[in-house]
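Welcome, and thanks for taking a look at this one with me. Have the sequence and the fold open side by side, and we can walk through a few features together.

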Amino acid sequence: MKLYSRGQVARRISYGVAVAFVLTAVLFYNLGKNNAEKKSVVEYTEVSDSQAEVYDFVADDTDFTEVTVPVANNQVTYTQDETENINVYRNCNEAVVNINTKVTSYDWFWDPYVTDGGSGSGSIIDKRGYILTNVHVISGATKIYVSLYDGSQYEATVVGEDIDSDLAVIKFDPPAGVTLKTISFGDSTQLLVGQKVIAIGNPFGMERTMTTGIVSGLGRPIQNSNNRIIRNMIQTDAAINPGNSGGPLLDTNGKMIGINTMIMSSSGSSSGVGFAVPSEIAIRVVNDILKYGKVQRGVINASIVQLTSRIAQYAGLDITTGMLVSEVEEGSLAEKAGLKGGTKAVYYGNRNTILYLGGDVITKIDGISITSLAEYYSALESKKPGDVVSVVVHRNKKDVTLKITLAE
C-alpha cells in the first residue's frame, strides 16, 4: 500500500476541484450560448418590386438558408382555344335548363301515386319561355319542372312533340321583369368532320356542365329509343352522359348546330360516341310545332306492314324485305299514282288484325332502301304535304317506279 503525506493529499484534492470547476464552467458556457442562439432565430421578409426574399436564421451550423419565391403579377393569359371555350360558356350557359319530371306509378293494389321520373337538359329558344328538348326526356311525365341557372324552378307544359325526330317543345312562364337568355340556331348543313363543337348540359344532375370535342361523323342514320331512325345525325366525341339529352351542341360561335340526343355505349356512360339531331331538322320541327302544335309531314295514304320471310313465303313472294301495301285509301293521291293494295284477306298477328295479300311491296323511296318500318318513316321524315316522291314497288316479280304526291 502506497502512503501519501498530508501535503500530497491536499495538492491532489485541489487539482481535482480545479478540473471540475473548469469543466463546469465550459458546460454552462455552451448551454448559455445555445440558449442565446435559439432566442435569436429571426424570420423576416423583404419585398422588392421583383421578388420576395425570405431569410431564416437557425441555431445549427448552417448559419442561414435563402429561398426565393416569385410573386405573381396577376396577369392571366389564355390560349385561343381556351378563350373560345370561355366565351361560348359565358354567352350560352344561362340559356341551358335542367329538366326534371314527375310520373304516375301504381302500387300493388293499382292505386296511383306520383314519383320522380327522368331528367335531362333543354335550351331556351325564345324569351317567352319556349324550351327545346328531347321527347324521351319528358315522355310519360305528369309534371315537368325546369330549373334555371339562378336556381329558380318553374313548372312547364308541353307545346308539342315529334316522335320521328325525338324533339319536343315545352314552355314555362317567366316572372314579369325577368329577361331570359336564349340560344340561336346555327347551320348544321355547313358542318365538317373535324370541326370543334361544345356541349352544355346536366350530366348526372351536374348543372350546366361543358364538354368539348369535334364532329366525328355526319349523316349517321341512328335508331332512337322510340324505334325511329333519324337520318343525318351528327356524331361527336364530346362527352355526353345521362342528363345531357336535350341540351345544345354548339359551334365556336355559340350557335346551336345540334341537340344532344343519345350515346352509343355498352356501359351507359360516355364512350366518345354521341349523337345529336342536326339543327336543320330542329328548325323545321320547332317552326311546325309553334305554328300547328305538331309537325306537318307528308304521308302516303296506304296501310302498310313490314314484310317478313314468313309473310313472303305465305304470299308466294320472291323478296323478303320491304313494306307490303295492304290497303290503299280510295280516291287518295296514292291510288291516283297507281299504288295497289292486296285483295286476299288473312289474319295477321294476334288474329285481331286483317292483312290483305297480293299488293305492291315498297322497296325504295327517293333512292332510300326500305327494309323496315323505321326506315319507311325515316324516308318520309323531311317531306311535307304536296311533295312528290319517287317510290319503287315490287309487283309481279318486277320493279315499278311510281311518282306519288304526299298527302297531309
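This is a predicted model: local features need pLDDT of at least 70, side-chain atom pairs count only at pLDDT 80 or more; totals for chains, interfaces and linings use all residues.

Most residues other than glycine have a negative phi. With a relative accessible area of 33%, Asp-366 is partly exposed.

Phe-204 also has a positive phi without being a glycine, here about 55°. Its place is the loop between S10 and S11. Is Phe-204 buried or exposed? Its relative accessibility is 53%, and exposed means over 50%, so Phe-204 counts as exposed.

| Residue | Phi | Relative accessible area |
|---|---|---|
| Phe-204 | about 55° | 53% |

Now for the barrel. Which strands form it, and in what order? Six strands close up in the order S10-S11-S12-S15-S14-S13, and their pairing is antiparallel. From one strand to the next, the twist averages 50°. Strands of a sheet pair through backbone hydrogen bonds. One of the pairs joins strand S11 (residues 209-223) to strand S12 (residues 229-236), antiparallel over 5 bridges. Within that pair, Arg-220 has Met-233 in S12 as its bridge partner.

Helix H4 (residues 279-292) packs on the sheet, where it touches S12, strand S14 (256-263) and strand S15 (274-278). The direction of H4 makes about 45° with that of S15. Helix H2 (residues 80-92) lies across strand S10 (196-201), S11 and strand S13 (248-250). Relative to S10, helix H2 runs at about 35°.

Finally, please turn to the largest pocket, which has a volume of about 280 Å³. How many residues line the largest pocket, and which lie nearest its centre? The lining holds 17 residues, and those nearest the centre are Asp-164, Arg-297, Gly-298, Val-299 and Tyr-377. By type, the lining divides into 8 nonpolar, 2 polar and 7 charged residues. Strand S8 (153-162), strand S16 (302-306) and helix H7 (373-380) each supply at least two residues of this lining. The largest share, 3 residues, comes from H7.

Terms used
Residues are numbered from 1 along each chain as its sequence is written. Side-chain values use heavy atoms; hydrogens and water are left out. On a 1 Å grid over the protein atoms alone, a cavity is a set of points where a 1.4 Å probe fits but cannot get out, and a pocket is an open set with protein on both sides within 12 Å along at least five of seven lines; lining residues have an atom within 4 Å of a point. Grid points are joined across faces, edges and corners, and a volume is the space filled by probe spheres set on the points. Helices (H or I, at least four residues) and strands (E, at least two) are DSSP runs, numbered from the N terminus. Ala, Val, Leu, Ile, Met, Phe, Trp, Tyr, Cys and Pro count as nonpolar, Asp, Glu, Lys and Arg as charged, and the others, Gly among them, as polar. Two strands pair if DSSP finds at least two bridges between them. Axes are lines fitted to C-alpha atoms, for helices over the stretch in contact, and angles run from 0 to 180 degrees between N-to-C directions. Contact means heavy atoms within 4.5 Å. Buried means under 20% relative accessible area, exposed over 50%, partly exposed in between (1.4 Å probe, protein chains only).
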